[in-house]
Amino acid sequence: MQLRNNLLTVEVSADGAELQSIKSNVTGHEYLWQGDPAFWNRRSPVLFPIVGKAWDGIVNYGGKKVEIGQHGFARDCRFDPVDNNDESTLSFRLRHNEDTLRLFPFRFELEISYTLIDERITILWKVTNLDTGHEMPFQIGAHPAFYYPSGQFKANDLNGYLAFDSNIDLTYELIEAKGCLGDRKYPLDLDADGMLPITPDLFDRDALVIGDKQLHRVSILSAQKQPYMTVLFTAPVVGLWSKPGAPFICIEPWYGRCDCVGYNGDFADREYTNRIAPGQSWENSYCIILENI
């Protein structure tokens, strides 16, 4: 399914309600990674009802232990298109079923909407607890991958820069054992302009996880520091990631995060877990803004 204006054409699939393409109508440039399996076969999966990995792959729901894969199941589900009578918006809906209840024992509805206005794409998540007697814990996150401004990975040179809405004593954490977070925080080394150089080895140790609401804007700039694109969000955590040698970078707003190493507590007590009262809904969004279209 497609959204189009004079600047951009945006494509979204009902499979996973996943972004498939963000292309300039002026230059023909594709901003969104196209899922080459040589590096990573996804493009912009939705992470729900968990973000990241659970310790030993096991989630504890109030004493009921369930094996669940990294980032949950929504990215592998077929969503139903929703007719919202708005030519600038595409909406999709997923509801619990027998398969989801085996992995996540809660009755839910997840609606995802994409709205294109000028050079801005707004992605809205609405999660509803359909149970009448139980609070529902959940996590949700985005995982969009964007081509570097040059469209190529430069093994011996900068691939661009990342700019932030804060550059004072930023820290990040790293994924360690079994895909879970270690207990150390590292300073983010910025240049004199407060930017992070995207060096060829930046992601050799996997994702950089920046939590504690340190950031709400991440921009990609070219190697000449020309603006390329921006992600705006209110999420408390953002992950920055790429495959070594791949020509893309992911900017991932998360309302959630993987377990810490050794965590075996209840899912509802997992850091950055959200809770919805019976019959209530939770909404949040993030925006992708394209430059030099």
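Two strands are taken to pair if DSSP finds at least two bridges between them; strands (E, at least two residues) are DSSP runs, numbered from the N terminus. The structure is a predicted model in which local features need pLDDT of at least 70 and side-chain atom pairs count only at pLDDT 80 or more, while totals for chains, interfaces and linings use all residues. Residues are numbered from 1 along each chain as its sequence is written, and side-chain values use heavy atoms, with hydrogens and water left out.

Strand 18 (residues 208-210) runs antiparallel to strand 21 and is joined to it by 3 bridges, with valine 209 partnered by glycine 239. Strand 21 also pairs with strand 22 (residues 248-255), in the antiparallel sense over 5 bridges; here glutamate 252 is the bridge partner of glycine 239. Strands 21 and 22 form a hairpin with 6 residues between them, and glycine 245 in the turn has a positive phi of about 90°. In strand 21 (residues 237-241), 5 of 5 residues are buried (under 20% relative accessible area, 1.4 Å probe, protein chains only). Val237, Gly239 and Trp241 point one way from this strand, and Val238 and Leu240 the other.

Elsewhere, 9 strands form an open antiparallel sheet in the order 7-8-9-10-24-20-19-14-17. Strand 7 (80-82) and strand 17 (196-197) each have a single partner strand, so one side of each is left without a neighbour in the sheet. Within this sheet, strand 19 (residues 217-221) and strand 20 (residues 227-233) are antiparallel and share 5 bridges, and leucine 221 stands opposite proline 227.

Definitions and conventions:
Helix = DSSP H or I, 4+ residues; strand = E, 2+ residues; numbered from the N terminus. Buried < 20%, exposed > 50% of the residue type's maximum accessible area, 1.4 Å probe, protein only.
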